[in-house]
Amino acid sequence: MPSPAASSPFDQSRYQVRFDWGVAGLRRLTPADVVVVVDVLRFSSSVSALVAAGEDVALRDIALDDVALDDVADEGARAASRNGAAIAAAASGSLVFLGCLRNAGAVADAVLAEQRRRGARTSIAVIAAGELGGPDEGSELRFAVEDLLGSGAVVDALSKLGIDHTSPEAAAACESFRGLGGAVRHLLTASGSGQELLERGLRGDTLAAAQLEADPVAPVLRDGVFTAA
């Protein structure tokens, strides 16, 4: 439950739906009942597609080995993101879902089902993974447009179900998706992260991640494994 008064100006504890970036953002927010990790290129999208295809995905495999998963979805999407996996691992004490453009509606449905199961208003932290800098940039977190849009899609889907007591930060992410949702295919391929994948011959991964509501599942982390909620 959100606390009646924030202990920090930045913890967003006044609001049911919160939004921030990276592991630092997760820690900056007041602890939430539910954490939705959004890492569109490619962690969340890949795991969502795999779980939708009936597979379970162990967090340990991705977090420690940075493995390339087998091709899934229409043109193949493979998970290779320590950043998103690190956020999921750090969200101990919360129910963790993976969100993306492919499954925002399913994630919102799963959050609403959890709230009904609890019988009380459920606090939700939507955490965009962002991108860690390259060799010349150190470990500084870089803004990732795909994760802003994916997070906004999740917040928008929650709002449509009546879970709309959003922080200003979450509301801004939501409006970014509402205004630009029709152009996600172009925005993802033209973004820095998308261009990086295109240079590596992974255009199909980017296009698969840009598909809206392609997966009717919300991967949930239980005992170190992502399964269908």
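I began with Ala110, which, neighbours within four places in sequence left aside, is in contact with Phe97, Ala218 and Ala229, where contact means heavy atoms within 4.5 Å. I note at once that this is a predicted model, in which local features need pLDDT of at least 70, side-chain atom pairs count only at pLDDT 80 or more, and totals for chains, interfaces and linings use all residues. Residues are numbered from 1 along each chain as its sequence is written, and side-chain values use heavy atoms, with hydrogens and water left out.

**Entry 1: Ala110 and the whole chain**

I located Ala110 in helix H5; helices (H or I, at least four residues) and strands (E, at least two) are DSSP runs, numbered from the N terminus. Ala110 has a relative accessible area of 14% and is buried, a label that means under 20% relative accessible area, with exposed set at over 50% and partly exposed in between (1.4 Å probe, protein chains only). I then looked up the C-alpha atoms of Ala110 and Ala229, and found them separated by 6.6 Å although the two residues are 119 residues apart along the chain. For the protein chain as a whole, I noted 10 helices and 9 strands, and 56% of its 229 residues count as buried. Among the contacts in the protein chain with a separation of 6 or more, 71% come from residues 24 or more positions apart.

Turning to Val36, with neighbours within four places in sequence left aside, I listed its contacts as Phe97, Leu98, Gly99, Val107, Ile124, Ala125, Val126, Ile127 and Val154.

At what angle do the axes of H6 and H7 cross? For helix H6 (residues 145-160) and helix H7 (residues 168-180) I read a crossing of roughly 100°, with the axes coming within 7 Å; axes are lines fitted to C-alpha atoms, for helices over the stretch in contact, and angles run from 0 to 180 degrees between N-to-C directions. H6 and H7 are therefore roughly perpendicular to each other, on a scale where angles under 35 degrees count as roughly parallel, over 145 as roughly antiparallel, 65 to 115 as roughly perpendicular and the rest as oblique. The residues of the contact of H6 with H7 divide into 9 nonpolar, 3 polar and 2 charged; Ala, Val, Leu, Ile, Met, Phe, Trp, Tyr, Cys and Pro count as nonpolar, Asp, Glu, Lys and Arg as charged, and the others, Gly among them, as polar.

Helix H5 (residues 104-118) packs on H6 at an angle of about 50°, with the axes 8 Å apart, which makes H5 oblique to H6. In this contact Ala104, Gly105, Val107, Ala108 and Val111 of H5 meet Ala153, Val154, Ala157 and Leu158 of H6, and the residues divide into 8 nonpolar, 1 polar and no charged.

Why is helix H2 (residues 43-52) largely enclosed by the rest of the structure? I counted it so because 9 of its 10 residues are buried. In the loop between E2 and H2 I found Arg42, and the peptide bond from Leu41 to Arg42 is cis, with omega near 15°. After H2 comes Gly54, whose phi is positive, near 100°.

I also looked up Gln12, a residue other than glycine with a positive phi, near 55°; Gln12 lies in the segment before E1 and counts as buried, at 6% relative accessibility. Glu213 likewise has a positive phi near 55°, but Glu213 counts as partly exposed, at 46% relative accessibility, and lies in the loop between helix H10 (203-209) and strand E8 (219-222).
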